[in-house]
Amino acid sequence: MKVSIEINGTTVSEEVEDRTLLVHFVREQAGLTATNIGCDTTSCGACTVLLDGESVKSCTVLAAQADGHAVTTLEGLHGDEGDLHPLQRAFREEHGLQCGFCTPGMIMASVSLLEGNPKPTRQEVRDGLEGNLCRCTGYHNIVNAVMNASGQEVQR
Amino acid sequence: MIPARFTYQRASSVDEALAAVAEHGDDAKLLAGGQSLLPLMKLRFAAPELIVDIGPLDELRYVRLDGDELAVGAMTRHHDLQHDAVLAEHAPVLAQVAASVGDPQIRHRGTIGGSLVHADPAADLPAAVLALDGTLIARGPSGERRIPAAEFFQGPFETPLAPEELLTEIRVPVQDGLGWGFEKFTRRALDWAIVGVVVAGRSVALVNMGGTPLRASAVEAALARGASAAEAASVAAEGTSPADEPHATVEYREHLARVLTERALVSAGVS
Ligand SMILES: Cc1cc2nc3c(=O)[nH]c(=O)nc-3n(C[C@H](O)[C@H](O)[C@H](O)COP(=O)(O)OP(=O)(O)OC[C@H]3O[C@@H](n4cnc5c(N)ncnc54)[C@H](O)[C@@H]3O)c2cc1C
Ligand code: FES
Ligand code: FES
């Protein structure tokens, strides 16, 4: 089938198999590889993108379900001049990036979290990132990064 | 992991979805949020030939107060329930239970209808709808029928819905002024419950203490006799048949049922 998905403001129209997953469409058809495949079982969140502004696990959405909708990936967060999104900047400042593989998903989930709750508590940040697993267990700096991006105090 | 080949069809109305599944019977599957069905298809535990996407059916996405009942559209997402003002006022327990399903990404996609029809014994919303004495409304080729929650959950992943029926709405009595409690014990974040307990007024339902959500009848009977929370909770495991698993034995689950029931009853205002 033919699907047309607006990804980071540009419409990508491609013929795909009906069973194509959104994560494969984003990586292979759109060539945007910041979105990673970690567990492939809807657990780790490495594949998190925004679908119409809401975080979803793109390994568990069909490209067909996103047909006619808007997707934002990590590559779509920075400004026109290439300046970093506040969350990208905060992840860098707080060393929330760690292994890097999970970071794009962590940042996309954080964008969605702050959209609904601009001043979360540390516990709310932890709950908001519940769907993103990090095997190096370095959650502390990630929570600090989200606190930093929301203009709140970080814990050293 | 990629699902086996299938044909994808998008439904633009309930009638169109019904016509598509009626034609294909067992070979077709409705796709709501996809948060249970797609993982199963990726693992090749399910391989339908036709997927009928009911995601666009926004007419089934609502929470409405209708007299002394709440009507919830089957396509209402967990995230919607979690933040719904009507629900917060008239059945806060349902919002609270929805907030505990999976993680934010899953709640943005998963629907109450999908959760009920999937009928996972470890799922939270089925127990909540059972505790609330809910009624499920399904539409099929021969019209509409109403199924009480107590008759809907027949076994693990087993309901009386025919492949050509579509769940449209869930109705629950308003809980105004009634106490409620919800406790869920998981091994890690975003996980299904090892055991869960939903208390709504004087109704108590258990998650994962058998092949279906169960009413804790012994607890309810004790409460009716005026028992304390601790006394009532002590019989929480009566009549249950939990799974025996290496990480959660029967004894462990029975213990959890008692402890969590007491906590949920206390939250519900039973002393
Ligand atoms: C990592 C992970 C963790 C999870 N944790 C939990 C948890 O803690 N607690 C919990 O309760 N659930 C949990 N879930 C499951 C989640 O709640 C799903 O969102 C839900 O069970 C299914 O809803 P859905 O809308 O995605 O349904 P789908 O996956 O689209 O469909 C599920 C089934 O229902 C059928 N169906 C869907 N809608 C209808 C309808 N209106 N009429 C007739 N048939 C229909 C489909 O054909 C399919 O058979 C988890 C899922 C994942 C992936
Ligand atoms: S790859 Fe999608 S959740 Fe892990
Ligand atoms: S950030 Fe990738 S494993 Fe920890």
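**View 1. The shell of residues around ligand 1.** In this predicted model, ligand 1 is surrounded by 33 residues, and the closest of these are Leu30(B), Gly34(B), Gln35(B), Leu37(B) and Thr111(B). Because the surrounding residues come from chains A and B, the site is shared between chains.

View 2. Three elements of chain B, namely β2 (28-31), α7 (112-118) and β8 (166-173), each provide at least two residues of the shell around ligand 1. The largest share is that of α7(B), from which four residues of the shell come.

**View 3. Oxygen atoms of ligand 1 and the backbone of chain B.** A polar backbone atom of Leu37(B), a residue that is also among the closest to the ligand, lies 2.7 Å from an oxygen atom of ligand 1. An oxygen atom of ligand 1 is likewise found 3.4 Å from a polar backbone atom of Gly102(B), and for Ser115(B) the distance between a polar backbone atom and an oxygen atom of ligand 1 is 3.4 Å. Ligand 1 would expose 980 Å² if taken alone, and the protein buries 96% of that area.

**View 4. The two domains of chain A.** Chain A is divided into domain 1, spanning residues 2-75, and domain 2, spanning residues 80-150, and the centres of these domains, taken over C-alpha atoms, are 20 Å apart. Where the domains meet, 17 residues of domain 1 of chain A are in contact with twelve residues of domain 2 of chain A. About 1100 Å² is buried between the two domains of chain A, with carbon and sulfur atoms giving 63% of this area.

**View 5. The contact between chain A and chain B.** Chain A brings 33 residues to this contact and chain B brings 31 residues, and together the chains bury about 2500 Å² between them, 53% of it on carbon and sulfur atoms. Of the area that chain A buries against chain B, Arg19(A), Gln65(A) and Glu130(A) supply 26%, which is more than any other three residues.

How values were computed: Residues are numbered from 1 along each chain as its sequence is written. Chains are lettered from A and ligands numbered from 1 in the order in which they are written. This is a predicted model: local features need pLDDT of at least 70, side-chain atom pairs count only at pLDDT 80 or more; totals for chains, interfaces and linings use all residues. Side-chain values use heavy atoms; hydrogens and water are left out. A residue is near a molecule or strand if one of its heavy atoms lies within 4 Å of it. A polar contact is a pair of N or O atoms within 3.5 Å; within protein, one must be able to donate a hydrogen and the other to accept it, and residues adjacent in sequence count only if both atoms are side-chain atoms. Accessible areas come from the Shrake-Rupley method with a 1.4 Å probe; for residues, only the protein chains shown count as cover. Domain bounds come from an automatic or database domain assignment. Contact means heavy atoms within 4.5 Å. Buried area is the accessible area (1.4 Å probe) that two parts lose on being put together, summed over both.
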